[in-house]
Amino acid sequence: MSSTGPPRRVGMRHHKLRAPRSHGLSMSVDEMWARLSAALTQIQQHNISKLSYEEHYRYAYNLILNQQGDKLYAGVRKQVTSHLAHQGGTTLVPLFPVESDLVAMAAEGMDAPSSSHLSHSLGLLPALADAIVPTMAANERFLGAMTDVWTDHCSCMSKIRDVLKYVDRVYVPNHQRAPIWEMGLDVFRDTLLQSSHVPYYVQLMVTLLRQIYCEREGTAIERRTIKDITDMLLALPHSTATSMYAYAWEPLFLATSSEYFTAEAHRLLDTRMATYYLEETERRLHDEAARVAAYLAPSTAAPLQALVERCFLTEHLEAIVSMSDGGLVALLEADARSALERMYRLFRRVTPGLPALNHALKAYVAERGKAINERALTSRDAEAPSTPTLEIAMQWVEHVLDLKRRMDGVLYSSFQGDKSCEAAINEAMESFINMNQRVPEFLSLFIDEHLKKGTRSAVDTDWEHVLDKTMTVFRFVHEKDVFERYYKMHLTRRLLHNRSVSDDAERSMIAKLKVECGHGYVQKLQGMLNDMKLSEDVLSAFQSSSVLQASPLPLQMNVNVLTATYWPISSPTQSCVYPPVMQQACDVFEQFYASRHRGRVLTWQPSLGTAEVRVRFKARSHDLIVSTYALMVLLLFESVPDDATLSYKDMAAATQIPAADLQRTLQSLACAKYKVLRKEPKGRDVNETDVFAFNADFTCPLARIKIAQVAAKVETPQERKATTAKVEEERKNQVEACIVRIMKSRKTMTHNELVNEVVQQLLPRFQPTPALIKKRIESLLDREYLERTDTRHVYQYVA
């Protein structure tokens, strides 16, 4: 069904919609701008309640459409500039806090803040706050006014930007202009901060510097105001990539801070108190970090921290560590761990800090080590020239261990186990320890005293702990082969005289040496312990053997069978003449041993033996524990009348005991505490003209008496020379063996490469000199183990 004719109108609902009136189309360009300008003025006066956003947006829209964008943009900029200039003149200028004579001087200094002495010119140096503090109120008022102007400007520009959105959307990108907001920032910067007529910039910068100076001097300031100002400087651009904060304020602030810190550091250094200086340095670092967090940009933190570190630390490291009050030496002597930790913590912040600390630390350890060496040398010269005693060796090692313990405590509690500090301490320890030529002997004596049964050192201390401490010193010793020789000598005495505190202690020490120097270093030491174990089995078999059953001995005999290559025992140059009873025992044991081991030759070592013999005196009988040589001498008096005497020469001819051993034996029997023999003439020394008699009148409350052989605890000069000669000879053989071993695997090497390789391989035992290596190479060339090639300084192995 359809109908024709016009549509039917029902009431008023279907009125035709009309477009709203388009204001401005009938107005001239000037009138539109005048209305828009009046609206901007109302915005700047904060009177916007009667303004129509739509109307004024359309004015800007129509001006852009009518190609009047340049007029609009320039007019807005001019009006904003005029408004800011008026605000500056009426609000800021009357509150300028800086005197006019300082303004010109400050302006010149700000042109080159890094080279000028601006802080000095403005009186912003430490301890001069009395002249600046009275200006704080005026400074605060000016900064507050500047903040108000900035806040007002931002508020106005925000509203203006909303009205002129069409300008930002169309005109700005087409004509490559700055957006309205950014244009407002540029106008604020140019009108107030970079004005050529009014010194707003100088007033602002000096005022900020004064406020921060007052805070550094201990006066409370309004941090929020300064935070607002620095935020303003961060928001204001100097260029597309740089803010006014980074371009103008930060360099000026850092330059004046550098002057302040430099002056403060020198003022603190004049106190000559390093601990106080470092406390103030740490406080300054903390305060500047808090200052950045409170009202400066985060980008300022790193350069400001570096500035404090340079002015307070880098430029004065040597002066700090060398101060007599609170310097490194004073702190180490006082064991001030917390102060040392502060020094390390601060020195670690700067690149040259740890090297300076380590240099002073190394010098301190070297100086203390030198004093320890000199003390030992003085004691040695005072008591026994050229012959160190056991007490000197013990004191030297204990002092070294005490120094190492103290330095390790400082290292781990104050220096946080720093590897460079540890290296400095170890280098100094190694240096002064090896300056003492008797170190191997001293160290071996120290260990011997703690592993020897019955000594106070062995009773009062934990031997495992002592061994661990001793190894810390052993690691620094260069001549480990010399130590090995002394250690074998002392181990020999402990084992053969049954003086070792325990077999476990001996094996523990050998295990520690093996870890440090390898299996080859301890091979002979382990062989010595094995010999003692095997000797027990041999002795047990001997006592139950048929040989002994067939020929019973008039004495009980214990024998240790030792491998000659393991023990540091030289074969006697002449055989002793034993008394018949002793010779019978030796013959029986040799017969037994030959029945078990064919081809082996036994050589008796009476100098290392001991004997227990019962001697009858007039008062009573005593059991004497003496050396084998002493037993041989005592048995000589068994076959002579009671009042008869024997001369020294008679005993020497009868026993064939070496002269030095016979003299010591007679000294122990006739000149020591227990005088079982009488000597004529009396005295402590034994001469070839002396005569001896049995002392039948000897009395003693003890039933069992131990008469020790008179012997030096350490080597005599002659023995030391012999030891040195043996060590040097062994070193020659070791160097040659090492050279041949290297050349056999490498075939061809240059001289320098060969020397370096030999040094590296022999370093665990000793430190060979290049001269020694060169001599051994020449010897091998002469014996045709090596040959020179046509190339200069190149050797070739001869198969």
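**Exercises on a predicted model**

Helix α28 (residues 628-636) is mostly covered, with nine of its nine residues buried. The model is predicted, so local features need pLDDT of at least 70 and side-chain atom pairs count only at pLDDT 80 or more, while totals for chains, interfaces and linings use all residues. Residues are numbered from 1 along each chain as its sequence is written, and side-chain values use heavy atoms, with hydrogens and water left out.

**Exercise 1.** State which residues of α28 are buried.

Solution. Buried means under 20% relative accessible area (exposed is over 50%, partly exposed in between; 1.4 Å probe, protein chains only). Helices are DSSP runs of H or I with at least four residues, numbered from the N terminus. In α28 the buried residues are Thr628, Tyr629, Ala630, Leu631, Met632, Val633, Leu634, Leu635 and Leu636.

**Exercise 2.** Determine whether lysine 512 is buried or exposed, and identify its contacts.

Solution. Step one: locate lysine 512, which belongs to helix α24 (residues 503-517). Step two: lysine 512 has a relative accessible area of 16%, and is therefore buried. Step three: its side chain makes a polar contact with the side chain of glutamate 464 at 3.0 Å. A polar contact is a pair of N or O atoms within 3.5 Å; within protein, one must be able to donate a hydrogen and the other to accept it, and residues adjacent in sequence count only if both atoms are side-chain atoms. Step four: leaving aside neighbours within four places in sequence, lysine 512 is in contact (heavy atoms within 4.5 Å) with Glu464, Leu467, Asp468 and Met471.

**Exercise 3.** Describe the largest cavity and its lining.

Solution. On a 1 Å grid over the protein atoms alone, a cavity is a set of points where a 1.4 Å probe fits but cannot get out; lining residues have an atom within 4 Å of a point. Grid points are joined across faces, edges and corners, and a volume is the space filled by probe spheres set on the points. Step one: there are three cavities of 30 Å³ or more, and the largest holds about 80 Å³. Step two: its lining consists of Ser119, Leu124, Leu209, Ile212, Tyr213, Arg216, Thr256, Ser257 and Tyr260. Step three: α9 (200-216) and α11 (244-269) each give two or more residues to this lining, and the largest share, four residues, comes from α9. Step four: the lining divides into five nonpolar residues (Ala, Val, Leu, Ile, Met, Phe, Trp, Tyr, Cys and Pro), three polar and one charged (Asp, Glu, Lys and Arg), the others, Gly among them, counting as polar.

Methods: On a 1 Å grid over the protein atoms alone, a cavity is a set of points where a 1.4 Å probe fits but cannot get out, and a pocket is an open set with protein on both sides within 12 Å along at least five of seven lines; lining residues have an atom within 4 Å of a point.
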